[in-house]
Amino acid sequence: METQSPSSNPVIDRTTVLSLFAALSVLIIAYAASLRVLHPATTTKLRILFIWHLFDSLIHFTFEGSFLYNCFFTYTSVPNSSDYPHPASLTSPGVYFMGYADRLYGSQYGTSPTAKLWQEYAKADQRWGGADLTVISLELLTVFAAGPLAAYICELVRRRDSGGKLWFWASILATGELYGGQCSASPAGYREHWLMSLGFMTFAPEWLSGNSNLDTSNFMYLWVYLVFFNMLWVWFPFWVLYEAYNNINLAFARASGAIGVETKKTA
């Protein structure tokens with residue numbers, strides 16, 4: 001089974017350029033904020049941690065928040081329920097999003113700038129153009145739980161609280177990003193499965209249905225939209241978990257040493 005290939009060349013237009021620029025702008029804002037709010041003595045590691053989590057939080061609140069808005073409030077009416085479900089939805093026949101049999105929800109039916117942004121990404125993964133129940137369920141957690149938690153981690157770094165509290169919450173968020181992150185592409189159909197276990201809750205439905213919603217026919221959709229942007233939420237969470245493991249290990253080693261010294265003194 002192969003991923004769908006409706007086009008061989010990407011359509012790079014004004015919306016494409018503005019969408020990519022919007023994503024880059026969030027990173028620039030996160031970097032600029034790190035220069036303004038972090039103490040000059042902040043280590044490079046903690047500065048990167050701050051920039052990543054502020055970028056993460058802003059993406060969740062703005063980009064993915066707008067995705068949810070379009071899912072719940074942008075729709076078109078259909079004459080009868082036979083036109084449902086939306087082609088990008090994996091709902092069963094007779095199952096209607098929000099219980100409306102006469103409506104099709106999603107950014108595909110909007111004209112706002114955020115709707116056009118998600119229409120652009122939906123060129124690579126059609127589920128982001130409609131109201132896919134799995135994606136919406138994950139995005140609700142992402143926007144209302146992961147977003148605030150990422151912002152809280154930034155505040156801990158700003159306060160120079162680099163102890164167990166920081167690494168505990170950072171590891172919780174990183175695990176959640178890996179479990180439900182947006183990695184959904186399996187390049188060359190099923191010949192490679194190197195993303196199968198990453199972002200599992202987003203990827204698994206596509207894997208099980210033959211990647212029917214993906215367009216991997218050209219470089220832009222496959223390597224920029226599906227791989228590069230999604231792999232950010234794999235590389236950085238793994239790095240955060242690695243750093244958290246080292247810091248927690250070090251804390252336990254220090255605590256064990258201190259306890260051992262105290263025991264000798266009282267013996």
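UniProt positions are given here in the numbering of this chain, with feature names shortened, and such annotations may be inferred rather than shown by experiment. The model is predicted: local features need pLDDT of at least 70, side-chain atom pairs count only at pLDDT 80 or more, and totals for chains, interfaces and linings use all residues. Residues are numbered from 1 along each chain as its sequence is written, and side-chain values use heavy atoms, without hydrogens or water.

Begin by selecting residues 20-38, 50-75, 133-154, 166-190 and 220-242, which the unreviewed UniProt entry lists as "transmembrane region". Helices are DSSP runs of H or I, at least four residues long, numbered from the N terminus. Residues 20-38 are 95% helix and 0% strand, with end C-alpha atoms 27 Å apart. For residues 133-154, the values are 100% helix, 0% strand and 31 Å.

Next, select Phe50, Phe55, Phe67 and Leu166, the residues with the most contacts inside the largest nonpolar core, which has 50 residues. Such a core is a set of buried Ala, Val, Leu, Ile, Met, Phe, Trp, Tyr and Cys residues joined through side-chain atoms within 4.5 Å; buried means under 20% relative accessible area, exposed over 50%, and partly exposed in between (1.4 Å probe, protein chains only). Helix α2 supplies the largest share of this core, twelve residues.

Centre the view on Phe50. Leaving aside residues up to four places away in sequence, Phe50 touches Ala30, Ala33, Ser34, Val37, Leu38, Cys154 and Val157, where contact means heavy atoms within 4.5 Å.

Finally, select Leu27 in helix α1. Leu27 counts as partly exposed because its relative accessibility is 40%.

Notes
Helices (H or I, at least four residues) and strands (E, at least two) are DSSP runs, numbered from the N terminus.
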